[in-house]
Amino acid sequence: MSETTVRPGQEHYVAPLEETPLRAVDAVDDSAPPSSQWGEAWRQLRRRPLFWVSVVLILLVVVVAAVPSLFTSVDPRFQTLADSLEDPRDGHPFGFTRLGEDVYARTIYGARASVVVGLLSTVLVTLVGGVVGAIAGYYGGIWDALLSRLSDIFFAVPLVLGAIVLITSLQSRSTLTVSLVLSLFAWPQTARIMRGSVLQTRSAEFVTAARALGLSKLQVLVRHVVPNALGPVIVIATISLGTFIAAEATLSYLGVGLPSSIVSWGGDISAAQTSLRSDPQVLFWPAAALSLTVLSFIMLGDVVRDALDPKARTR
Amino acid sequence: MSHRETSPRDGGPRGAAVTGAPLLQVEDLAVDFRSSGRDVHAVRGASLTVHAGQTVAIVGESGSGKSTTAQAVIGLLPGTGRVVGGKILLDGRDIAHASRREFVGLRGSSIGMVPQDPMSNLNPVWTVGFQVREALRANGLDKGVSAKARAAELLKEAGLGDAERRAKQFPHEFSGGMRQRALIAIGLASRPRLLIADEPTSALDVTVQRQILDHLQSLTTSLGTAVLLITHDLGLAAERAEHLVVMYKGQVVESGPALEILQRPQHPYTQRLVAAAPSLASRRLESAAVRAGIVRQAERAAVETHEVAVAEAVADLPDTEVATEEVIRVEHLTKVFTIRGSGSRGEKLRAVDDVNFAVRRGTTTAIVGESGSGKSTVAQMVLNLIPVTDGRVTFDGVDITTLDKRQAFDFRRRVQPIFQNPYASLDPTYSIFRVVEEPLRVHGIGDAKSREARVRDLLDKVALPASSMRRFPNELSGGQRQRVAIARALALHPEVVVCDEAVSALDVLVQGQILTLLNDLQAELGLTYLFITHDLAVVRQIADDVVVMQNGKVVEAAPTDTVFDAPQEDYTKALLEAIPGGSIELGA
């Protein structure tokens, strides 16, 4: 076919300029407000009802944990055997335990142990796991080999099993020791996530650019690599906060967690078990409080993950 | 856009050769994507016609809607995309709103597709032969033993030697070019009448690119397959297609016979595109040397007319007289990498092998080569980012491999890099202000106030408004980010800037803009550039000297004009011939 042949529908066509106005090449759009990555994530979060539901629930639990006396004037440790397993009545909306303690007061006061153990363990795990993971991922080589094997050793021990074995050999138990023991067996997960995240960030061009500016390796790690690798760690921290609360309750239920002098949901669930058939409400309230708290943190973790990693979002 | 009359006139200029009814007719196509609750118009009123056996190219930048148009034709719009208007007539039947089942029937047998990225479009867990057979089976063509033979035949047809053995291999055993051939075999397996080729070779090296396109062309010609070629490269499109469709911001701005569009572009966008097409442009941007002459002239004129202020301003400009002084000298430079995990002692790879060249102050030297030629490794060693195995890099007479910590830190101020990927070279958690300020802070230059003034000044130099200071990299386009990267590189008043594929990831118009900017800055600041690129067209526009590398060795090193006009080595000649559209003559 000759070059000059024009087939039907293929005549030389030029769009009218008024319909296809030419824009300046690569002009900066000044209209939109500036937004950082975190600002963008916040905007995402703000729109999710699930985020607000979990935030309100978590705030409520935190306030209850901080000042339980706002919510009840009854002493959770006060026992009147005459009230043993009594039904709810005025001033005692959830009824009484076998030992005649007020279930409502115990549920309110139990929040503190859970929240303290959850927060403390999460902070410890994030610090230790984050630092170990960052060093292993960033420096690699012998550091990676040593730290990764070390975390594998702890990873191999199931959280609750390891905690039971260690705690039973401890003399004194408190919220601090329980948190320490939980952290000891939980940090490898955070370390692994941090390591993977750092490995990904480490090879980015902005890291090479920073090194070419003359920053030392440590400066690059602290200023550029860690802030960019933090997203997944924040997500796992939020979710594991709930897991730690559940783990503490498990230990207390098994009688190896917090001592009975500290009011805790796990301990109450354990004590209520004996009267489960006849009086299930004694078990119901601490269990419901526990579930709701754990659920709130896991929901929050979910929405935070969606906001920080839009790719993982399900439509 | 106005609805275009597409009445099939009987015949046409050459009635016998031209059948009236087109194979594919897209009329007033509109495609929307839904994004955070809003409808984004990806394509608006696009019309195009493809006749049987013809090659038609859609040309446009990223975001122009060219790929979306093609995806609508084959019913594979990603995510939330949907056709909201217009018609897609295949053999006169409207398939714009065809059901999923109808499309499954059409795909493969009527419309085939060769995707863009050969690295991710083959399933790594199945053999290549299996994937070709899958295409046959899906269209009910061949099953069992005969399919095996047919698959090998198709692979052979797509230009793979030893096809029967190759069919039993896995994708990771194939090179990029071979994978693309396998994808072509799959695309043509059921003999579609229309083949959509979406940037089929843009992930490949130029010499491989040419071979694959040549082969695809001869194959589709012999089979009588019509091809809808999607590309960002005007030169490539003009060379391969009879009919061009130019898209811009989701609309067709111009369409018509390829040569006519190239020689007499009517729409201002097309004119801009033709003027900027790197593969067609063949001039060095005004070099520093030429500008120096202009400056001297201005100086003389100012002195003569006693315009003191002007004379002073001109005298303040750096002396851009072309020096023959060498600022970087690379001698017997060698880099050996040990590849882990292969063999007990690890396999040695000589990435850079006895490389010698020199860079003169105030000029641009380009290192050209295909992927794996070692050009980026050379850049990293010049930047003192990785240790050299052997040989030396001297900067201003000092061997940089012998610098102590303090000297190495000071060296950083004098040599700065700009990297390829503008999406990865800026820390996403840093605001533009912090990105540009960081080098000043690291080197302890000035106080907070003077640093801010300097950042403003730098952003102004790279033509970004001061308001962009508070923005974050994710809000800027690729070209804008690259300008931020340039501002960062210039913050410390470096003498040498190493540009590692600094414009390869950008659209042509933006590419032209950045190259002009770099060139202006060179003249203004007396910078020396070491330009690492695979794109000879870019070399032609910016470089004074060229070093051609292949497999870690220098093949040819000479002034740019010498290399382009009289290449000495076969490899250089092959590279030059592979530039798409290089042979097309443009109208003035």
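View 1. In chain B, 9 residues of domain 1 are in contact with 9 residues of domain 2, two residues being counted as in contact if their C-beta atoms, placed from the backbone, lie within 7 Å. The model is a predicted one, in which local features need pLDDT of at least 70 and side-chain atom pairs count only at pLDDT 80 or more, whereas totals for chains, interfaces and linings use all residues. Residues are numbered from 1 along each chain as its sequence is written, while chains are lettered from A and ligands numbered from 1 in the order in which they are written. Domain 1 of chain B spans 24-276 and domain 2 spans 300-577, with bounds that come from an automatic or database domain assignment. Taken over C-alpha atoms, the centres of these domains of chain B are separated by 36 Å. On the side of domain 1 of chain B that touches domain 2 of chain B, the elements giving two or more residues are α7 (206-223) and α10 (268-276) of chain B, and α10(B) supplies the largest share, 3 residues. Helices (H or I, at least four residues) and strands (E, at least two) are DSSP runs, numbered from the N terminus. By class, this side of domain 1 of chain B divides into 3 nonpolar, 3 polar and 3 charged residues, where Ala, Val, Leu, Ile, Met, Phe, Trp, Tyr, Cys and Pro count as nonpolar, Asp, Glu, Lys and Arg as charged, and the others, Gly among them, as polar.

**View 2. The contact between chains A and B, and a sheet with strands from both.** The contact takes 39 residues from chain A and 64 residues from chain B. Strand β10 (residues 251-257) of chain B gives the most to the side of chain B that touches chain A, namely 7 residues, and that side as a whole has 28 nonpolar, 25 polar and 11 charged residues. An open sheet of 7 strands, with mixed pairing, has the order β1(A)-β10(B)-β9(B)-β3(B)-β8(B)-β7(B)-β6(B). The edges of this sheet are β1 of chain A and β6 (111-114) of chain B, each with a single partner strand, so one side of each is left without a neighbour in the sheet. Strand β1 (residues 13-14) of chain A pairs with β10(B) in the antiparallel sense over 2 bridges, strands being taken to pair if DSSP finds at least two bridges between them; Val14(A) has Glu254(B) as its bridge partner in β10(B). Elsewhere, strand β3 (residues 55-59) of chain B and strand β8 (residues 226-231) of chain B pair in the parallel sense over 5 bridges, with Thr55(B) opposite Val227(B) in β8(B).

**View 3. An antiparallel sheet within chain B.** The strands follow the order β2-β1-β4-β5 (chain B) in an open sheet of 4 strands with antiparallel pairing. At its edges stand β2 (38-50) and β5 of chain B, each with a single partner strand, so one side of each is left without a neighbour in the sheet. Antiparallel strands β1(B) and β2(B) are joined by 9 bridges, and Val26(B) stands opposite Leu48(B) in β2(B). Helix α1 (residues 66-73) of chain B packs on the sheet, where it touches β1, β2 and β4 of chain B, and its direction makes about 110° with that of β1(B). Strand β1 (residues 24-35) of chain B is also joined, by 7 bridges and in the antiparallel sense, to strand β4 (residues 82-90) of chain B, with Val31(B) opposite Val83(B) in β4(B). A further 2 bridges join β4(B) to strand β5 (residues 93-94) of chain B, again antiparallel, and Leu90(B) has Arg93(B) as its bridge partner in β5(B). In the hairpin of β4(B) and β5(B), which has 2 residues between the strands, Asp91(B) takes a positive phi near 55°.

**View 4. The packing of helices α8 and α10 of chain A.** Helix α8 (residues 217-253) of chain A packs against helix α10 (residues 281-308) of chain A at an angle of about 170°, with their axes 8 Å apart. Their relation is therefore roughly antiparallel, on a scale where angles under 35 degrees count as roughly parallel, over 145 as roughly antiparallel, 65 to 115 as roughly perpendicular and the rest as oblique. Axes are lines fitted to C-alpha atoms, for helices over the stretch in contact, and angles run from 0 to 180 degrees between N-to-C directions. Among the residues that make the contact are Gly231(A), Ile234(A) and Gly242(A) of α8(A), and Phe297(A), Gly301(A) and Arg305(A) of α10(A). By class, the contact of α8(A) with α10(A) has 14 nonpolar, 5 polar and 1 charged residues.
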